[in-house]
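My notes follow the structure.

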Amino acid sequence: MDIVNIPILKIENFLIASVQVALYDMQAIQFKDAVLQKIYETKAKGVIIDLTAMDVLDSFVGRLISDIAAMARLMGTTVVITGLQPAVAITLVELGLELPGVTTALNLEKGIAKLRLITENNADGNA
Amino acid sequence: MAMPNKVITIQSDLDIVAARMAARDMAKSMGFGAIDQARIATAISELARNIYLYAGEGTVTVSEIQQGLRKGLQVVCEDQGPGIEDISLVMQDGYTTSKGMGMGMPGAKRLMDEFEIESIVGEGTKITCRKWKRP
Ligand SMILES: Nc1ncnc2c1ncn2[C@@H]1O[C@H](COP(=O)(O)OP(=O)(O)OP(=O)(O)O)[C@@H](O)[C@H]1O
Ligand SMILES: [Mg+2]
(Lines give C-alpha, C1' and ligand atoms only; values in the text may rest on other atoms or scores of the structure.)
(Ligands and ions follow the chains in the order given, each with its own letter.)
Protein backbone atom coordinates (compact mmCIF):
# COMPACT_ATOMS: atom_id res chain seq x y z
CA MET A 1 0.00 0.00 0.00
CA ASP A 2 1.28 3.46 -0.94
CA ILE A 3 2.61 5.77 1.69
CA VAL A 4 1.21 9.18 0.98
CA ASN A 5 3.77 11.64 -0.30
CA ILE A 6 2.53 15.17 0.24
CA PRO A 7 5.47 17.53 0.74
CA ILE A 8 5.08 19.79 3.74
CA LEU A 9 7.17 22.90 3.09
CA LYS A 10 8.38 25.33 5.73
CA ILE A 11 8.45 28.99 4.84
CA GLU A 12 9.37 31.42 7.61
CA ASN A 13 7.24 30.32 10.56
CA PHE A 14 4.62 28.59 8.48
CA LEU A 15 4.09 25.15 6.99
CA ILE A 16 2.45 24.75 3.62
CA ALA A 17 1.01 21.45 2.39
CA SER A 18 -0.77 21.17 -0.92
CA VAL A 19 -2.92 18.09 -1.46
CA GLN A 20 -2.71 17.19 -5.16
CA VAL A 21 -4.23 13.71 -5.33
CA ALA A 22 -7.33 11.92 -4.08
CA LEU A 23 -6.48 10.45 -0.68
CA TYR A 24 -7.43 6.95 0.39
CA ASP A 25 -8.63 6.77 3.99
CA MET A 26 -5.31 5.36 5.21
CA GLN A 27 -3.36 8.03 3.36
CA ALA A 28 -5.57 10.76 4.81
CA ILE A 29 -4.79 9.48 8.30
CA GLN A 30 -1.06 9.36 7.48
CA PHE A 31 -1.29 12.92 6.22
CA LYS A 32 -2.89 14.07 9.47
CA ASP A 33 -0.13 12.42 11.51
CA ALA A 34 2.59 13.87 9.24
CA VAL A 35 1.23 17.42 9.60
CA LEU A 36 1.04 17.18 13.39
CA GLN A 37 4.53 15.68 13.61
CA LYS A 38 5.94 18.44 11.41
CA ILE A 39 4.27 21.12 13.55
CA TYR A 40 5.92 19.58 16.58
CA GLU A 41 9.35 19.34 14.93
CA THR A 42 9.41 22.81 13.40
CA LYS A 43 7.39 24.70 16.03
CA ALA A 44 5.54 26.34 13.17
CA LYS A 45 3.12 29.07 14.21
CA GLY A 46 0.74 28.45 11.34
CA VAL A 47 -0.15 25.83 8.75
CA ILE A 48 -1.79 26.17 5.37
CA ILE A 49 -3.45 23.16 3.83
CA ASP A 50 -4.20 23.94 0.21
CA LEU A 51 -7.01 21.91 -1.33
CA THR A 52 -7.22 23.65 -4.73
CA ALA A 53 -6.68 20.35 -6.54
CA MET A 54 -9.31 18.40 -4.58
CA ASP A 55 -12.54 17.89 -6.51
CA VAL A 56 -14.27 15.76 -3.85
CA LEU A 57 -14.24 16.07 -0.06
CA ASP A 58 -16.34 13.52 1.78
CA SER A 59 -17.20 13.18 5.46
CA PHE A 60 -14.07 11.15 6.19
CA VAL A 61 -11.57 13.68 4.88
CA GLY A 62 -13.78 16.54 6.13
CA ARG A 63 -13.59 15.19 9.64
CA LEU A 64 -9.82 14.68 9.42
CA ILE A 65 -9.41 18.31 8.44
CA SER A 66 -11.49 19.41 11.44
CA ASP A 67 -9.37 17.10 13.60
CA ILE A 68 -6.10 18.52 12.26
CA ALA A 69 -7.32 22.06 13.01
CA ALA A 70 -8.44 21.13 16.53
CA MET A 71 -5.26 19.20 17.36
CA ALA A 72 -3.01 21.91 15.94
CA ARG A 73 -4.87 24.46 18.03
CA LEU A 74 -4.05 22.45 21.16
CA MET A 75 -0.40 22.65 20.10
CA GLY A 76 -0.68 26.44 19.76
CA THR A 77 -0.73 26.46 15.95
CA THR A 78 -3.32 27.95 13.60
CA VAL A 79 -4.48 26.01 10.53
CA VAL A 80 -5.94 27.74 7.49
CA ILE A 81 -7.56 25.74 4.68
CA THR A 82 -7.27 27.36 1.26
CA GLY A 83 -8.57 26.84 -2.24
CA LEU A 84 -11.85 25.00 -1.65
CA GLN A 85 -13.54 24.80 -5.06
CA PRO A 86 -17.10 26.15 -5.20
CA ALA A 87 -18.49 22.69 -6.00
CA VAL A 88 -16.64 21.26 -2.99
CA ALA A 89 -17.88 23.99 -0.64
CA ILE A 90 -21.49 23.54 -1.81
CA THR A 91 -21.30 19.76 -1.45
CA LEU A 92 -19.79 19.97 2.04
CA VAL A 93 -22.63 22.16 3.29
CA GLU A 94 -25.30 20.00 1.64
CA LEU A 95 -23.69 16.93 3.15
CA GLY A 96 -24.07 18.62 6.53
CA LEU A 97 -20.41 19.35 7.15
CA GLU A 98 -19.70 22.98 7.68
CA LEU A 99 -16.26 22.41 9.20
CA PRO A 100 -16.95 24.43 12.33
CA GLY A 101 -13.81 25.86 13.91
CA VAL A 102 -11.85 25.60 10.66
CA THR A 103 -10.43 28.84 9.30
CA THR A 104 -10.52 29.13 5.51
CA ALA A 105 -9.27 31.52 2.85
CA LEU A 106 -9.98 31.79 -0.86
CA ASN A 107 -6.44 31.04 -2.05
CA LEU A 108 -2.88 30.49 -0.88
CA GLU A 109 -2.02 34.20 -0.97
CA LYS A 110 -5.04 35.23 1.11
CA GLY A 111 -4.36 32.28 3.41
CA ILE A 112 -0.83 33.48 4.16
CA ALA A 113 -2.10 37.02 4.80
CA LYS A 114 -4.70 35.61 7.18
CA LEU A 115 -2.14 33.49 9.03
CA ARG A 116 0.18 36.50 9.42
CA LEU A 117 -2.67 38.52 10.89
CA ILE A 118 -3.78 35.79 13.28
CA THR A 119 -0.29 34.87 14.47
CA GLU A 120 0.71 38.53 14.95
CA ASN A 121 -2.43 39.16 16.99
CA ASN A 122 -1.69 36.07 19.07
CA ALA A 123 1.85 37.29 19.69
CA ASP A 124 0.54 40.71 20.82
CA GLY A 125 -1.96 39.05 23.11
CA ASN A 126 0.71 36.94 24.77
CA ALA A 127 3.23 39.76 25.20
CA MET B 1 -26.42 5.67 -26.84
CA ALA B 2 -26.20 4.81 -23.16
CA MET B 3 -22.87 4.04 -21.65
CA PRO B 4 -22.20 0.53 -20.34
CA ASN B 5 -22.71 -0.06 -16.62
CA LYS B 6 -19.70 0.08 -14.39
CA VAL B 7 -19.45 -2.33 -11.48
CA ILE B 8 -16.93 -1.63 -8.75
CA THR B 9 -16.23 -4.24 -6.09
CA ILE B 10 -15.72 -2.66 -2.69
CA GLN B 11 -13.21 -4.49 -0.50
CA SER B 12 -10.79 -1.81 0.67
CA ASP B 13 -10.46 1.94 1.09
CA LEU B 14 -8.85 2.07 -2.38
CA ASP B 15 -12.12 0.86 -3.89
CA ILE B 16 -14.00 3.76 -2.28
CA VAL B 17 -11.94 6.18 -4.36
CA ALA B 18 -12.34 3.95 -7.45
CA ALA B 19 -16.14 3.95 -7.05
CA ARG B 20 -16.44 7.69 -6.73
CA MET B 21 -14.09 8.25 -9.67
CA ALA B 22 -16.16 5.88 -11.84
CA ALA B 23 -19.35 7.72 -10.89
CA ARG B 24 -17.78 11.10 -11.51
CA ASP B 25 -16.39 10.03 -14.90
CA MET B 26 -19.79 8.79 -16.00
CA ALA B 27 -21.50 11.95 -14.70
CA LYS B 28 -18.99 14.07 -16.56
CA SER B 29 -19.37 12.27 -19.87
CA MET B 30 -23.16 12.47 -19.53
CA GLY B 31 -22.83 16.23 -19.30
CA PHE B 32 -23.59 16.84 -15.62
CA GLY B 33 -22.17 20.15 -14.36
CA ALA B 34 -19.26 20.45 -11.94
CA ILE B 35 -21.46 20.83 -8.86
CA ASP B 36 -23.62 17.81 -9.68
CA GLN B 37 -20.47 15.80 -10.41
CA ALA B 38 -19.18 16.68 -6.94
CA ARG B 39 -22.55 15.84 -5.35
CA ILE B 40 -22.68 12.43 -7.04
CA ALA B 41 -19.04 11.61 -6.26
CA THR B 42 -19.44 12.61 -2.60
CA ALA B 43 -22.65 10.60 -2.13
CA ILE B 44 -21.01 7.51 -3.65
CA SER B 45 -17.97 7.99 -1.46
CA GLU B 46 -20.22 7.92 1.63
CA LEU B 47 -22.19 4.85 0.55
CA ALA B 48 -19.12 2.91 -0.58
CA ARG B 49 -17.39 3.67 2.71
CA ASN B 50 -20.43 2.38 4.59
CA ILE B 51 -20.21 -0.90 2.64
CA TYR B 52 -16.52 -1.18 3.52
CA LEU B 53 -17.06 -0.29 7.19
CA TYR B 54 -20.27 -2.13 8.02
CA ALA B 55 -20.52 -4.99 5.54
CA GLY B 56 -16.84 -5.58 4.76
CA GLU B 57 -17.52 -5.92 1.06
CA GLY B 58 -20.09 -5.33 -1.63
CA THR B 59 -20.58 -3.72 -5.03
CA VAL B 60 -21.35 -0.31 -6.47
CA THR B 61 -23.01 -0.29 -9.89
CA VAL B 62 -23.15 2.96 -11.82
CA SER B 63 -25.43 3.23 -14.85
CA GLU B 64 -26.98 5.69 -17.22
CA ILE B 65 -30.77 5.61 -17.15
CA GLN B 66 -33.54 7.23 -19.16
CA GLN B 67 -37.11 8.04 -18.25
CA GLY B 68 -39.06 9.61 -21.10
CA LEU B 69 -36.87 12.43 -22.24
CA ARG B 70 -34.91 12.74 -19.01
CA LYS B 71 -31.51 11.24 -18.59
CA GLY B 72 -30.11 10.30 -15.24
CA LEU B 73 -27.34 8.52 -13.44
CA GLN B 74 -28.20 5.64 -11.15
CA VAL B 75 -26.02 4.15 -8.46
CA VAL B 76 -26.86 0.87 -6.75
CA CYS B 77 -24.84 -0.02 -3.63
CA GLU B 78 -25.32 -3.60 -2.52
CA ASP B 79 -23.88 -5.74 0.23
CA GLN B 80 -24.54 -8.98 2.07
CA GLY B 81 -23.63 -7.46 5.42
CA PRO B 82 -25.56 -7.26 8.68
CA GLY B 83 -28.43 -5.20 7.27
CA ILE B 84 -30.11 -2.21 8.89
CA GLU B 85 -32.74 -2.73 11.54
CA ASP B 86 -34.28 0.72 11.75
CA ILE B 87 -33.99 2.62 8.50
CA SER B 88 -35.56 5.84 9.78
CA LEU B 89 -32.97 5.92 12.56
CA VAL B 90 -29.94 5.65 10.27
CA MET B 91 -31.39 8.44 8.10
CA GLN B 92 -31.24 10.88 11.02
CA ASP B 93 -28.39 13.38 11.03
CA GLY B 94 -25.87 12.35 13.65
CA TYR B 95 -26.92 8.73 14.17
CA THR B 96 -23.88 6.47 14.13
CA THR B 97 -22.80 3.11 15.51
CA SER B 98 -19.14 3.67 14.72
CA LYS B 99 -18.21 7.02 16.30
CA GLY B 100 -18.58 8.52 12.83
CA MET B 101 -20.46 11.73 12.37
CA GLY B 102 -23.63 10.03 11.26
CA MET B 103 -23.78 12.26 8.21
CA GLY B 104 -23.12 9.73 5.45
CA MET B 105 -26.63 8.40 4.81
CA PRO B 106 -28.71 11.57 5.34
CA GLY B 107 -26.04 13.59 3.54
CA ALA B 108 -25.99 11.26 0.52
CA LYS B 109 -29.79 11.50 0.36
CA ARG B 110 -29.61 15.30 0.28
CA LEU B 111 -26.99 15.22 -2.47
CA MET B 112 -29.01 12.91 -4.77
CA ASP B 113 -32.53 13.39 -6.22
CA GLU B 114 -33.91 9.96 -5.31
CA PHE B 115 -32.76 7.62 -2.58
CA GLU B 116 -34.23 4.22 -1.65
CA ILE B 117 -33.05 1.73 0.96
CA GLU B 118 -33.97 -1.93 1.07
CA SER B 119 -32.47 -3.89 3.90
CA ILE B 120 -33.04 -7.18 5.64
CA VAL B 121 -31.29 -7.85 8.93
CA GLY B 122 -28.84 -10.70 8.51
CA GLU B 123 -29.08 -10.61 4.71
CA GLY B 124 -27.80 -7.27 3.53
CA THR B 125 -28.55 -3.82 2.25
CA LYS B 126 -29.31 -2.36 -1.16
CA ILE B 127 -29.35 1.40 -1.68
CA THR B 128 -30.49 2.80 -5.00
CA CYS B 129 -30.02 6.46 -5.72
CA ARG B 130 -30.43 8.62 -8.79
CA LYS B 131 -29.55 12.06 -10.03
CA TRP B 132 -31.46 13.52 -12.98
CA LYS B 133 -29.95 15.84 -15.52
CA ARG B 134 -31.51 19.27 -15.62
CA PRO B 135 -32.89 19.76 -19.13
N1 LIG C 1 -24.37 -0.89 4.37
C2 LIG C 1 -24.69 -0.87 5.67
N3 LIG C 1 -24.91 -2.02 6.36
C4 LIG C 1 -25.22 -2.00 7.67
N5 LIG C 1 -25.35 -0.89 8.42
C6 LIG C 1 -25.14 0.29 7.80
C7 LIG C 1 -24.81 0.37 6.41
N8 LIG C 1 -24.68 1.68 6.07
C9 LIG C 1 -24.92 2.38 7.19
N10 LIG C 1 -25.21 1.57 8.24
C11 LIG C 1 -25.55 1.99 9.61
O12 LIG C 1 -26.08 3.30 9.55
C13 LIG C 1 -25.39 4.17 10.46
C14 LIG C 1 -25.39 5.58 9.89
O15 LIG C 1 -24.59 5.63 8.70
P16 LIG C 1 -23.98 7.03 8.24
O17 LIG C 1 -23.17 6.81 7.01
O18 LIG C 1 -25.09 8.02 8.16
O19 LIG C 1 -23.07 7.45 9.45
P20 LIG C 1 -21.68 6.84 9.92
O21 LIG C 1 -21.12 5.94 8.86
O22 LIG C 1 -21.88 6.22 11.26
O23 LIG C 1 -20.77 8.14 10.07
P24 LIG C 1 -20.17 9.05 8.86
O25 LIG C 1 -20.65 8.47 7.57
O26 LIG C 1 -20.69 10.43 9.09
O27 LIG C 1 -18.68 8.97 9.03
C28 LIG C 1 -24.03 3.53 10.60
O29 LIG C 1 -23.40 3.92 11.81
C30 LIG C 1 -24.35 2.05 10.54
O31 LIG C 1 -24.78 1.59 11.80
MG1 LIG D 1 -20.98 6.53 6.84
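**Largest pocket**

I looked up the lining of the largest pocket by class and found 20 nonpolar, eleven polar and ten charged residues. In this scheme Ala, Val, Leu, Ile, Met, Phe, Trp, Tyr, Cys and Pro are nonpolar, Asp, Glu, Lys and Arg are charged, and the others, Gly among them, are polar. The model is predicted: local features need pLDDT of at least 70 and side-chain atom pairs pLDDT 80 or more, while totals for chains, interfaces and linings use all residues. Residues are numbered from 1 along each chain as its sequence is written, chains are lettered from A and ligands numbered from 1 in the order written, and side-chain values use heavy atoms, without hydrogens and water.

I used a 1 Å grid over the protein atoms alone: a cavity is a set of points where a 1.4 Å probe fits but cannot get out, a pocket is an open set with protein on both sides within 12 Å along at least five of seven lines, and lining residues have an atom within 4 Å of a point. I noted a volume of about 870 Å³ for the largest pocket, where a volume is the space filled by probe spheres set on points joined across faces, edges and corners. Its lining has 41 residues, with B:Asn50, B:Tyr54, B:Thr96, B:Thr97 and B:Ser98 nearest the centre. α2(B) provides the largest share of this lining, nine residues; helices (H or I, at least four residues) and strands (E, at least two) are DSSP runs numbered from the N terminus.

**Ligand 1**

Ligand 1 lies between chains A and B. I looked for polar contacts (N or O pairs within 3.5 Å). An oxygen atom of ligand 1 is 2.6 Å from a polar side-chain atom of B:Tyr54, and one is 2.8 Å from a side-chain N or O atom of B:Asn50. A polar backbone atom of B:Gly104 is 3.3 Å from a ligand 1 oxygen.

**Cavities**

I searched the whole structure and found two cavities of 30 Å³ or more. The largest cavity has about 60 Å³, and its lining holds ten nonpolar, no polar and no charged residues. α2(A) gives the most to that lining, four residues. The second largest cavity has about 30 Å³; its lining has four nonpolar and four charged residues, including B:Arg20 and B:Arg49.

Definitions and conventions
A residue is near a molecule or strand if one of its heavy atoms lies within 4 Å of it. A polar contact is a pair of N or O atoms within 3.5 Å; within protein, one must be able to donate a hydrogen and the other to accept it, and residues adjacent in sequence count only if both atoms are side-chain atoms.
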